[in-house]
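Subject: Structure handover

Hi,

Here is the structure for you to look through. My notes come after it.

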Amino acid sequence: MNDSARMQVRDLWLDLGEFHLRQIDLDIADGEYFVILGPTGAGKTVLLEAIAGLHQLQEGHILLDDEDVTGMPPERRGVGFVYQDYMLFPHLNVAKNVAFGLKLRGMGREAIKERVTGVSRLLGIDHLLHRSPATLSGGEQQRVALARALVVEPRLLLLDEPLSALDPEMRESLQRELARLHRELGTTTMHVTHDFEEAVALGERIAVLNEGQVVQVGSSEEIFRRPNSEFVARFVGVRNVFPGEIRRAGDGRRVFRFDGIEMAVVTDLAGRAHASLRPEDIIISKAPLRSSARNSFPGRIATIADRGTVIYVTVSVPPDFTCVITRRSLEEMELKEGMEIHIAFKASAVHVF
Amino acid sequence: MKALFADRMRTSFVVLGSLLILFVAWPLLRTITATGPAVIWETLLDEEVSDSILLTFYSSLVATGVAFVCGVPLAYLLARVDFPGKWLVEGIIDVPIVVPHSAAGIALLMVFGRRTLLGRAFGLFGLKFVSAGPGIIIAMLFVSLPLLVDAAREGFEAVDPRLERVARTLGASPWRAFCRISFPLAWRSILSGIILMWARGLSEFGAVVILAYHPMAAPVLLYERFLSFGLRYSRPVATLMILICLATFVVLRVTAGRKRGEA
């Protein structure tokens, strides 16, 4: 879809009583996959609805390809919308749901049929066209909702927690589907979620939203490595998140390669992916550890951050791993910044996504 | 069935409840069975009776039509929008339920009577309400419109507003989103409201008799026959009315039942 657009939000203010948005500024490049990450009640859905034209702004402007669409009604913006709970029209079958937007455009029957068939194949729902939405599983319904939004070739696709209502397995498969669709169609996409792994896996850039304000915008690495506020740090949690690539090692087991090192992982995935590791799953020792832990690296302590009950130790292998230890271990091992030590963790402690 | 008599409390509740059921069903059945089919048929052929029944059906249909045209949009607004004074609007719509219907007739007379401003204005177009068909219609409209508005409102409330929003993003104007999404999805509720209102209009006596004794709507005719000729002559008309209303009610129950079955 070549008519996908750049989207800018300038100084947007909106007060709906229950939710409000304050001074939102965003600039999303043509073809970008942009994720809005925030806790429940942060105003994520309202922001998407405002961009779609479903709420009148108190202040501010929304631009699509430099055209000011602030006062334009939603039906003329060419913005696709997919809700968390699908919102399929219950009185229409799958085919009619998907064809809804095309019919409104006064397209001929043959042309509609062709487009519906095309998008249904793309989403793997062509065998469901005559079914009623009520008879579909969550994953199927979400695919139909995506097809319905994509078939009209929107300039901008808005996804409101599209994976949150699905069970974990379905979520993973649809997440891969979203990435594939974006690769194939290149539609500018804004995806709202409260799930950080989803954000990392899909977002080229991420904006963290809290209480109606954008608190940080950046790549996933920037957000997770350098949270600019207490809130972001708390919300994304202290984790080790690495982008890298999954490879098959000589013995058939999978390894995750990143920043010049390889670590053993347990996964079915292949190719480019992310790995995350909880700080508490890393063991620090002065000598190399002989244990069941398959991953062991030498490194140097870069920083020691005292957070009261726990202490965060950043170990530079490189890359940097953040570990958490108790005050007692710190004192027993007499850890100091600059010390050479070893870290170890199990392959199963690494979450690949 | 067993669950009804599971314990003593339930058994006694069954007895108490049955009294009420009997109280409603017995008189109706008694009236129906007291009149043979031949007499009912004969009554139906009585021109005064059949004219009156047709007039009643027609008037109630027009009243329902008016309520549909103005009441469905109102119901939609009440379901979708919060505005200052909404409680007042909701109250006004439901007032006809609590006002004595003869008082409603008097109130309508105060506005639509021959000498009133509105009465004269309509008179210019040859439309009069007192002792005329339109009087029956507005009397029926006044007392039965809450049924349609409330049912339609419940229907719209059950439609997720986000369905409309999706339709809007897909290119639908507000009108189209309403016609293609909200209205069809609320239709079953609206339809049962229509039937309920129409049936309620048929049976209206109090307001109708004050605005328009003539031409005679069926309940008025029944009343007049009772006063002039007594029970024996009014009973067949009563039977006929009850049968017709029962039939309507069955249709209503079937539609409402189907709605529940779907959900």
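Predicted model: local features only at pLDDT ≥ 70, side-chain atom pairs only at ≥ 80, totals over all residues.

Six strands form an open sheet in chain A. The order is E6-E7-E8-E3-E9-E10, with mixed pairing. Strand E6 (79-82) and strand E10 (213-218) of chain A are the edges. Each of these two pairs on one side only. On average, neighbouring strands of the sheet are turned by 20° against each other, direction ignored.

Helix H4 (residues 138-150) of chain A packs on this sheet. H4 touches E6 and strand E7 (156-160) of chain A. The direction of H4 makes about 170° with that of E6(A).

Now look at one strand pair. Strand E3 (residues 33-37) and strand E9 (residues 205-210) of chain A run parallel. They are joined by 4 bridges. Within this pair, Val35(A) stands opposite Ile206(A) in E9(A). As background, strands of a sheet pair through backbone hydrogen bonds, either parallel or antiparallel.

The contact between the chains

On the chain B side, 16 residues are in contact with 19 residues of chain A. Helix H8 (161-169) and helix H9 (174-202) of chain B are the elements that give two or more residues to that side. H8(B) gives the most, with 7 residues. By class, the chain B side that touches chain A has 8 nonpolar, 3 polar and 5 charged residues.

Best regards

Key: Residues numbered from 1 in each chain as written. Chains lettered and ligands numbered in written order. Contact = placed C-beta atoms within 7 Å. Nonpolar A, V, L, I, M, F, W, Y, C, P; charged D, E, K, R; others polar. Pairing = 2+ DSSP bridges. Axes fitted to C-alpha atoms, helices over the stretch in contact; angles between N-to-C directions.
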